[in-house]
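Trainee: I have just opened this one and would like to walk through it with you. Could we start with how some of the helices pack?

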Amino acid sequence: MSTPYPFTGIVGMDDLRLGLLLNAVSPAIGGVLVRGEKGTAKSTAVRALAALLPELEVVRGCRFSCDPAAPDPACPDGPHEADTGQRRPARMVELPVGASEDRLVGALDIERALAEGVKAFEPGLLADAHRGVLYVDEVNLLHDHLVDLLLDAAAMGASYVEREGVSVRHAARFLLVGTMNPEEGELRPQLLDRFGLTVEVAASRETEERVEVVRRRLAYDADPAAFAARWAAEERALRERVAAARALLPHVVLGDAALRQIAATCAAFEVDGMRADIVMARTATALAAWANRTDVLAEDVRQAALLALPHRRRRNPFDAPGLDEDKLDQTLEQHGGADDDPDPDGPDDGPDDGSDGGPDGGPDGGGPGDGGPDGGGQPPGGDDRAQDAPRPPARQPHGDQEEQGAHGGAGERAPAPAAEPFAARTLSVPGVGEGAAGRRSRARTAQGRTTGARRPHGALGKLHLAATVQAAAPHQRARGRRGTGLLVRRDDLREAVREGRESNLVLFVVDASGSMAARQRMSAVKGAVLSLLLDAYQRRDKVGMVTFRGADAEVALPPTSSVDAAAARLESLPTGGRTPLAAGLLRAREVLRVERLRDPARRPLLVAVTDGRATGGPEPVARAQRAGGLLAAEGTASVVVDCESGPVRLGLAAELARALGGPAVTLQELRADAVSALVKDVRRAA
């Protein structure tokens, strides 16, 4: 078994360490979500947490970790005898992103259940994680059906497995910890709210701190056991501090003044529901216990707000997470007592390592030779990110003539702001696919309505009971049936064929030429694309973006699950130059070709946002229509969003739609509340 990296050996990352330690002190907080860029020790810190958790007393031989003092009366391994307890370390159970439903909740042997009436149950990861930690790396990539199961277990504290009338229930109370890279997509709001706390992590910009990170990592890789031994004393001290804070927690008093500050803060930031208030109260109490106090101060409430509220104040996926600290301080001051002066720097007793220095006298949390600072990582939304953000080009005077040069010419205009997004009508791919579960197009999926039965390919999925009985019934006499049980063989088993919804790849091809800016349509166009991006987020699609202007087209955003990234690229999209429509379509065709090789089951939907005009080269309109014909011949479902405006309309977008084999819709028809009817399915030409 490999030696885990010690928690006290992590450099900086104060918010991350504090969030994890508070959950170790008070699991009732509800877990922590760690958001940050790749390579910032998110997974390392979470895995190191297990060594700090107190040991558990469990019933000997129970696969569901029942507490001997209060065993679960409905435990599948029960009833349990008295005095059968044993101690073991708390478990850190990892849920892989690609896990099956049976691996998560457990599996029933349907063949034995039908033939013998025996509930033969193999526990899943939820049973393993009971009274421990359930860790999901890349939690934002978890399939929707697994998210639903996690939500049910987190809400009820139990897991239910039901297969055609055969039901098993067991307790499943766990500390949920997730890590994610926001660039790869956001979480569903329901699961996001289930995480008690959230922390943002980023790599330090301090040279000495980065040097120390590399030094420690190289030392660990060279000899993990020796590296862990050097931090053993600090690990033991921190483990004892966690245990002491747990013991003190029931004695911490949450006064009315602190409670009013919590309620006022949640109201001021307009968070939904009451879960935020409850989580803040538990977090503030845990902070006081961690600081070895029995009273909750305003500084505890402030720190609790910074950890519990940022992910709850988002109203749509394009809102940046975070909290206005000036507003927070003002709210606390208005509703605080005379002796409650909020400390802008947070609690004095932060997430130290339980000692005054490293093994060789370095700074807090430092190691041998550590000359780096003891501060945490770069705070979310810090100055470095603001300085690194791209700046828009200088605004040019608007005119009616198109720029005839390439990108970056004198005719390039500053990015236009996007209009207010709206609820968009559903566009879907025709036919029935077999892609990843989602909410857009019809598909054969593990969830949904039953449409038939088939022999299982590999492990049995959802049993189709009627079809199984029908297949087994003619063979009962030949098999020598004597009793009341049905003699079932594996060849008799039939699984249900279900139809649900799949997610798709929505590839936007956006006209960013000078004609779009000259007629001041880009704001409306961006608002429409932003609305479709929001719809893609809600339907769990991947998105990509190709833009064309000047002399060529470019992939502004390769296919990704992050609609945030797409919205950011769209917002900074400049306009100007000619209209190489054919180049845009051909570039989109190449993107789709590569994606078919990577993910052949995910069906694409191409959304061309243009007025159909084309310039540059001989017969530009005809070339664009021929490019559209190539896409249609390859079976790409398409829709054209017609941006043409004004009293005189050429109808070129409609001609392009015919070449693509899909419909053309106006910006007005794209609205869900539009009076005009829009067929939801994008139909190919016969």
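**Helix packing and a few residues**

Mentor: Helices α18 and α19 are roughly antiparallel to each other, because an angle over 145 degrees counts as such, and theirs is about 175° with the axes 10 Å apart. Please keep in mind that this is a predicted model.

Trainee: Okay, and which residues of α18 and α19 make the contact?

Mentor: On the α18 side they are K526, V529, L530, L533 and Y537, and on the α19 side V563, A566, A567, L570 and E571.

Trainee: What about α20 and α21, at what angle do they cross?

Mentor: The axes of α20, which covers residues 581–598, and α21, which covers residues 620–633, cross at roughly 15° and come within 8 Å. The two helices are therefore roughly parallel to each other, and their crossing is left-handed.

Trainee: And which residues meet there, between α20 and α21?

Mentor: From α20 there are L581, A582, L585, L586, R589 and L592, and they meet R623, A624, A627, G628, L630 and L631 of α21.

Trainee: Switching to α10, what end-to-end distance should I expect for that helix?

Mentor: Helix α10 has 17 residues, 232–248, and at 1.5 Å a residue it should span 24 Å, which agrees with the 24 Å between its end C-alpha atoms.

Trainee: Which residues of α10 are buried?

Mentor: The buried ones are E234, E235, L238, R241, V242, A245 and L248. Looking down the axis of α10, they fall within an arc of 150°, so they line one face of the helix. As background, an α-helix has 3.6 residues a turn, so residues three or four places apart point the same way.

Trainee: What covers that buried set in α10?

Mentor: The cover includes α1 (14–25), α9 (224–230) and α12 (275–290).

Trainee: Now a loop residue: is T40 buried or exposed?

Mentor: T40 lies in the loop between β1 and α2, and it counts as buried because its relative accessibility is 3%. Leaving aside neighbours within four places in sequence, T40 is in contact with M13, V201, A202 and A203.

Trainee: And K327, how does that residue count in terms of accessibility?

Mentor: K327, which is found in helix α14, counts as partly exposed because its relative accessibility is 33%.

Trainee: What does K327 touch, apart from neighbours within four places in sequence?

Mentor: K327 is in contact with A268 and F269 once those neighbours are left aside. K327 and F269 are 58 residues apart in sequence, while their C-alpha atoms are 8.8 Å apart in space.

Terms used
Residues are numbered from 1 along each chain as its sequence is written. This is a predicted model: local features need pLDDT of at least 70, side-chain atom pairs count only at pLDDT 80 or more; totals for chains, interfaces and linings use all residues. Side-chain values use heavy atoms; hydrogens and water are left out. Helices (H or I, at least four residues) and strands (E, at least two) are DSSP runs, numbered from the N terminus. The expected span of a helix is 1.5 Å times one less than its number of residues. Buried means under 20% relative accessible area, exposed over 50%, partly exposed in between (1.4 Å probe, protein chains only). The arc is that of the directions from the helix axis to the C-beta atoms. Contact means heavy atoms within 4.5 Å. Axes are lines fitted to C-alpha atoms, for helices over the stretch in contact, and angles run from 0 to 180 degrees between N-to-C directions. Angles under 35 degrees count as roughly parallel, over 145 as roughly antiparallel, 65 to 115 as roughly perpendicular and the rest as oblique. A crossing is left-handed if the near helix is turned anticlockwise from the far one by less than a right angle, and right-handed if clockwise.
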